[in-house]
Amino acid sequence: MVGSLPENKTKSLVELADDLKLDFFLVSFTDLLGVTRAKLIPAAKIATVESDGAFFAPFACYLGLGPDSHDIAAIPDPNSLIVLPWQRNVAWVASDVYLDGELFSASPRVIFKNILQQCESLGYSYKTGVEAEFFLLKKNDQGYEIADAMDTAARPCYDQLNLMRQFDLISTIVSYMEELGWEPYQCDHEDANGQFELNWTYSDALTTADRHVFFKYMVKTLAEQRGLTATFMPKPFSHLTGNGGHIHMSLWGSGNAFLDKTDEMGLSAIAYEFIAGVLAHARGLSALCNPTVTSYKRLGASNTNSGSTWSPRYISYGGNNRTHMIRIPEAGRFECRLVDGSANLYLAQAGILAAGLEGMAKHLSPGKRLDENMFVRGSEFPNLQKLPTSLFEALQCLEQDALLMTTLGDLGVKTFLEFKYQEWDAYNSTVTPWELQHYINC
């Protein structure tokens, strides 16, 4: 029997089912490619699942195990329980994956919890918040188009009319987040037509990752109920700004360890060391923070209809300056703008935290802050490293990064690289409409 209740949890899932009038549990886990897997368990049977797990054939998931492998067991974490606001007799619960009674080393949530334990052994907790951007689309004969035909402005960011035409969906999501205790504090129309962002209050990083998984599921479900498609794809349209998944972060001990009010930017010495670690591993981190082919059409974009890509090209940091990979918006925290909407937040945060902790251990310096506008057309910064320009390059950088390879573990990194190289090969073997248009008369 494996998987006991966390020490700080006083009620079992059986008790919670009774208290919350639940009939079902969605016992869920996320695989290495960020796909959410789940089984629907009747509440009457949740006691066995809570102790022994819900069983899955691992070859059907992206976890690196063959069809001959034993079943994996998803042990639900009661601390992650979220009642579906639109289906109140069902609760979603994140799980840790076990194989043969042991934690499965290639499970993203397990990978992240391992590096969180290292952080806690140093006396810190890692707190994060995520900015989740998404498009609202509808299907047409050619594929997809912006859901709102009136959302056509060249610079639609913060547009009041475009925002309020989606009030029914946006307000429903916000009210549900309030009900769940996430404390949402703002929502807006983003820089691309049909693009939106909803923000909620930061928390411990594992909770943020769990909530991010559920948030994507919730937004997609509620959009589908209205005949729409919600996508977090990094770059759905070549002429529009892509979807970021920016992470804001800080370390906490007895208080905010990143805060130093005597510093010009309000950051402590260890905050700068943490930033230096992230910068030092940025090229390898790209594979975790930007894990799809399309991710690099967001990172490498030269321009968009709005006049800006809002995505970094260089490994740099600045103050409250959104043209850099790392931004310091206010005292006591910083934002990593490398992360996009396709990222598996368990893996992205695991890599970022590991890099930051190494920066602290080695007392690295991030160098002088840059205040330049990195988006000025034609500007080049020869003294700065560029981020990878393709998934293939990013995967090679990951392979060359010993720290990140160790963080993912032997099976985790082997599986991640194997599937991602397959993805790259499939992309390269596909003839696109652009190629037909340009080369048909050769």
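User: Is Asp100 buried or exposed?
Analyst: This is a predicted model: local features need pLDDT of at least 70, side-chain atom pairs count only at pLDDT 80 or more, and totals for chains, interfaces and linings use all residues. Residues are numbered from 1 along each chain as its sequence is written, and side-chain values use heavy atoms, without hydrogens and water. Buried means under 20% relative accessible area, exposed over 50%, and partly exposed in between, with a 1.4 Å probe and protein chains only. Asp100 has a relative accessible area of 55%, so this residue is exposed.

User: Where does Asp100 sit, and what is its phi?
Analyst: Asp100 belongs to the loop between strand S6 (90–99) and strand S7 (102–103). Strands (E, at least two residues) and helices (H or I, at least four) are DSSP runs numbered from the N terminus. Asp100 is not a glycine, yet its phi is positive, near 55 degrees.

User: Which loop holds Tyr158?
Analyst: Tyr158 is another residue other than glycine with a positive phi, near 65 degrees. At 60% relative accessibility, Tyr158 counts as exposed. Its place is the loop between strand S10 (143–146) and helix H4 (160–164).

User: How far is the C-alpha atom of Tyr185 from that of Thr201?
Analyst: Tyr185 is part of strand S11 (residues 184–189), and counts as exposed at 54% relative accessibility. Leaving out residues up to four places away in sequence, Tyr185 touches Asn199, Trp200 and Thr201 (contact means heavy atoms within 4.5 Å). Tyr185 and Thr201 are 16 residues apart along the chain, but their C-alpha atoms are separated by 7.1 Å.

User: Are H8 and H10 roughly parallel or antiparallel?
Analyst: Axes are lines fitted to C-alpha atoms, for helices over the stretch in contact, and angles run from 0 to 180 degrees between N-to-C directions. The axes of H8 (residues 282–289) and H10 (residues 345–361) come within 8 Å and cross at roughly 160 degrees. Under 35 degrees counts as roughly parallel, over 145 as roughly antiparallel, 65 to 115 as roughly perpendicular and the rest as oblique. Therefore H8 and H10 are roughly antiparallel.

User: How many charged residues are in the contact of H8 with H10?
Analyst: Leu285, Leu288 and Cys289 of H8 meet Leu347, Ala348, Gly351, Ile352 and Ala355 of H10. Ala, Val, Leu, Ile, Met, Phe, Trp, Tyr, Cys and Pro count as nonpolar, Asp, Glu, Lys and Arg as charged, and the others, Gly among them, as polar. The contact has 7 nonpolar residues, 1 polar residue and, for charged residues, none.

User: How many charged residues are in the contact of H11 with H13?
Analyst: H11 (residues 391–399) and H13 (residues 410–428) pack at about 160 degrees, with axes 10 Å apart. That makes H11 roughly antiparallel to H13. The contact includes Gln396 and Glu399 of H11 and Lys420 and Glu423 of H13. By class, there are 8 nonpolar and 1 polar, and the charged residues number 3.
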